[in-house]
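Visitor: I'd like to learn how to read a structure feature by feature. Can you walk me through one?

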Amino acid sequence: RVDEFMENGRAQFPFPYQPYDIQEQFMQALYSALDQGKVGIFESPTGTGKSLSLICGALSWLSDHEEKRRQEAAALLQEGEAALSTFTPQPSASSSSAEPDWITDFVQKKAERDLVSKLKAREEELKRKKRDERLEMIRNNVQLNVFALMLRFCAAEEDTDDDLVEEHVTKIYYCSRTHSQLAQFVHEVQKSPFSKDISVVTLGSRQNLCVNEEVRRLGSIQRINDRCMEMQKNKHEKQHDEEGVKRKRGPAKTVCPFNKASALQKMRDDLLGTVQDIEQLVKLGRETHSCPYYATRLAIPPAQLVVLPYQMLLHEATRRAAGVQLKGQVVIIDEAHNLSDTLSCIHSAELTGAQLCRTHSQLSQYADRYKSRLKAKNLMYIKQILFVIEGLVRVLGGKVGQNPQSQTTQTGTEMLTINNFLFKAQIDNINLFKLQRYFEKSMISRKLGGFVEKYAGSGVSLHVQSGSNKENRRTEGLNRYLQTLQSNQGAATGQRAVLSASPMMQVEGFFMALTNSNTDGRVVVHRQGSSVKFLLLNPAVHFAQVLKECRAVIIAGGTMQPVSDFKQELLFSAGVGEERITEFSCGHVIPPENILPLVLCSGPSGQELDFTFQNRDSPRMMDETGRILSNICNVVPGGVVCFFPSYEYSRRIISHWEASGALTRLANKKKSCHSSNASPHHLALKIYYYCIISLYFSLTGALLFSVVGGKMSEGINFSDDLGRCVVMVGMPYPNIKSPELQEKMSYLDKHLPHGGGRSPGQALIENLCMKAVNQSIGRAIRHRGDYSSMVLCDRRYARPATLSKLPTWIKDRTSTHASFGPAFAAMRKVRMLHPSLFNTFSFHVLSFNLCSDPARQHLWFREVKMNADKGQRRN
């Protein structure tokens, strides 16, 4: 029966309710892709139950896959036991035989190899049975301590529990962009039919999972990491002290009270037994006085579903540190529309003058203090690192050994290949690969934390070793120059940023980035800002390892258009053949009449809508935009969300409306909400939500101003009355004058094939624009019964090439209007229902997006509902 499932797919999938047809199709396509080891590109609009389809489809495959392996292992186990009972050694070659000696030896060794294979299968099957039995006990709340567990399992075979839990089972890694998206996914798992049978672990950073308040108060993730690692080091030193090793003089070193083996193992068992998100893990850690960060990592090997953020899976060093193993496993990357940009950002690295300053000082102090105790080889590597840092300073315009006050520092930005940068910095003779291995083995960045106290105040002043030895004299000018760099940077930023405890981590990351191929990256030198940045141009080079190691990779999103460019840049460039790629795309579950996408080419007064950079600042264009919004607010109930292409243009046009009185006229129709320095985005959202809830009692709804690519364009759901109309003002093209973007375009033009009458660089610009548009306008339709209008204000949207980049379910229903009248008439004809307020309003959206703490969510919900009830009673 299982073999039939695996070969032909499933006819039915466990689901919490009757699935839509497109959900069944989605799960069947997903099941087939996982079984065949494909790289799948899955597109399913938000509101079609994509997360639940991923869960039920993938876990159904995993369940069938494990059952098939059990059947195969049981068969091998029987064969192994039978072979073991009947196995007898063959007579030696010296005995009389008609066969030649080499044939006898071959038969003998083959029989031995077969027996070993069967014995291994027998051992693996016994381990699997123990693991399943252990998880079953955990789920049934059997309270056994570590020693009882060891006695329980060792009774069957002389094997320790530690050996058992370190075995990596077949699992699914699910990753998404933000922790809130991961939490939503975990909540969907909790509601699924698999919630009682699946072992799930959610990974996060120390900043998200730490329960030690002393450490949490440090604030920045780098300080938290450094302090945690320091306490781990102290813990190991304390263990040596307890073993009888004499401790050095000095104050007792602090260890973390939450990091105890017995407590961690108990928490690992608890989280494997029930599905929990990060907030529940933190609560459990406080209750059990154990560390969720290390407990989750202990739970990775036996877990069947691992939920983690992008960065932890896509970055090799982070994967290795977390204990994530991809060999033969399944990876699902959700919200993957910006996967290429995400990979580029993760593998880019930047160093500032302040970080160079502090790293050089710390490492110099470390070398001077311990040079008599360091091995010659280690001292050589430290001097090489100092030499490379000095080379970076030279590139920034400093000259070692001279007073910086007498130097003329250059300004401007320079883009260099990796090789040219190494030549320019005069560090091309240094083997960066060996330095990278030294970083990994020595963990030098953790040893420099003790030198932080050498800095006064916020780190502007630099500690310089006193003395007149040759080494100090040689670096005196460098130290003064670095000190100037740090002072300038502190003045430029107002010294708002708190420097991390160990900038050597950033130095190590930059060194690692320089080991990329010369053609795959560039180094940007900002002399005026005193920084060097590595820019990755070819994200496929790092994604290739994930694709190679995994059994199957699923790339999913609400919209993955344009798929052809996505495949070319990220899959074909990584060596994936067309035969391994499978695609699935479905429409929306809403009826056709529930969506009205419009392209406006002109406004109410006949002004052509051309929001190019040259025209969008004209008063006539701004006034026409105000008239469009005013007319829309007249006919659309509930909430209207207006997206602008940039923060700068948003400020400019709103200021113009304030001066002309247009903003006051809009406020008479709907409450205007927008974020500013005095009103952050979450406060603007609260006001907007409250106005929508109160629309039946006092107001006529609200108008929310937002920016494409901002915090309200992704991750915020404007369902039901929160978004009855979405207005897109202009086209949010990226800054074409950016040196980094120009270099990326040049790279694509050189390395990717041209097609469709456009260059790959031009396609990149268009794709970045339309991906942002698709994400923004998709905020409004969130479920089957939702409805909304989408107004694209710019004549350029009418171009066929641009329309083709809209999601299919929007593109097929889009109408283009050369004049405003017919478009406005179409909006008036739309059947705008007024559902009962608390029957359809998505309070979970409101509470989940505004606060992450469940107690605060509950209080916010009560406050909003109570205020709405008061308004109803007044009426």
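Guide: Let's go through the sheet, the cysteines, a helix, some aromatic rings and a serine in turn. Keep in mind that this is a predicted model.

Visitor: Let's start with the sheet. What order do the seven strands have?

Guide: The general idea is that strands of a sheet pair through backbone hydrogen bonds, either parallel or antiparallel. Here the seven strands form an open sheet with parallel pairing, in the order β3-β4-β2-β5-β10-β1-β11. At its edges are β3 (200–202) and β11 (581–585); each has a single partner strand, so one side of each is left without a neighbour in the sheet. From one strand to the next, the twist averages 15°.

Visitor: How many bridges join β1 and β11?

Guide: Five bridges, in the parallel sense, with β1 covering residues 39–43. If you want a spot to look at, find Val-39, which sits opposite Ile-581 in β11.

Visitor: On to the cysteines. How many disulfides does a search of the whole structure find?

Guide: A disulfide is a covalent bond between the sulfur atoms of two cysteines. Searching the whole structure turns up zero of them. Take Cys-175: the closest cysteine sulfur belongs to Cys-550 and is 9.8 Å away, too far for a bond. Cys-175 has 0% relative accessibility, so it counts as buried. Cys-56 is buried as well, at 0%.

Visitor: Now a helix. Which residues of α20 are buried?

Guide: An α-helix has 3.6 residues a turn, so residues three or four places apart point the same way. In α20 (residues 432–442), the buried residues are Leu-432, Leu-435, Gln-436, Tyr-438, Phe-439 and Ser-442. Because they cover an arc of only 160° around the axis, they lie on the same side of α20.

Visitor: And what caps the N-terminal end of α20?

Guide: That's Asn-431, with a side-chain oxygen 3.0 Å from the backbone nitrogen of Phe-433. Past the other end, just after α20, Met-443 has a positive phi of about 50°.

Visitor: How many aromatic pairs are there?

Guide: The count is 18 aromatic pairs, taking ring centres within 6.5 Å. One of them is Phe-13 with Tyr-31, an edge-to-face pair at 6.0 Å centre to centre and 70° between the planes. This pair links distant parts of the chain, 18 residues apart: Phe-13 is in the loop between α1 (2–8) and α2 (21–35), while Tyr-31 is in helix α2. Phe-13 counts as buried at 11% relative accessibility, and Tyr-31 is buried at 0%.

Another is Phe-644 with Phe-705, a tilted pair at 5.8 Å centre to centre, with 35° between the planes. Phe-644 belongs to strand β13 (residues 639–644) and Phe-705 to strand β15 (residues 702–707), 61 residues apart. Phe-644 is buried at 0% relative accessibility, and Phe-705 is buried at 3%.

Visitor: Which residues do ring pairs link into a cluster with Phe-644?

Guide: Tyr-649, Trp-657 and Phe-705 join Phe-644 in that cluster.

Visitor: Last one: is Ser-195 buried or exposed?

Guide: Ser-195 has 16% relative accessibility, and the cut-off for buried is under 20%, so it counts as buried. You'll find Ser-195 in the loop between α7 (179–191) and β3.

Methods: Residues numbered from 1 in each chain as written. Predicted model: local features only at pLDDT ≥ 70, side-chain atom pairs only at ≥ 80, totals over all residues. Heavy atoms only, no water. Pairing = 2+ DSSP bridges. Helix = DSSP H or I, 4+ residues; strand = E, 2+ residues; numbered from the N terminus. Axes fitted to C-alpha atoms, helices over the stretch in contact; angles between N-to-C directions. Disulfide = S-S within 2.5 Å. Buried < 20%, exposed > 50% of the residue type's maximum accessible area, 1.4 Å probe, protein only. Arc of directions from axis to C-beta. Polar contact = N/O pair within 3.5 Å; in protein donor to acceptor, adjacent residues only side chain to side chain. Phe/Tyr/Trp six-rings, centres within 6.5 Å; stacked < 30°, edge-to-face > 60°.
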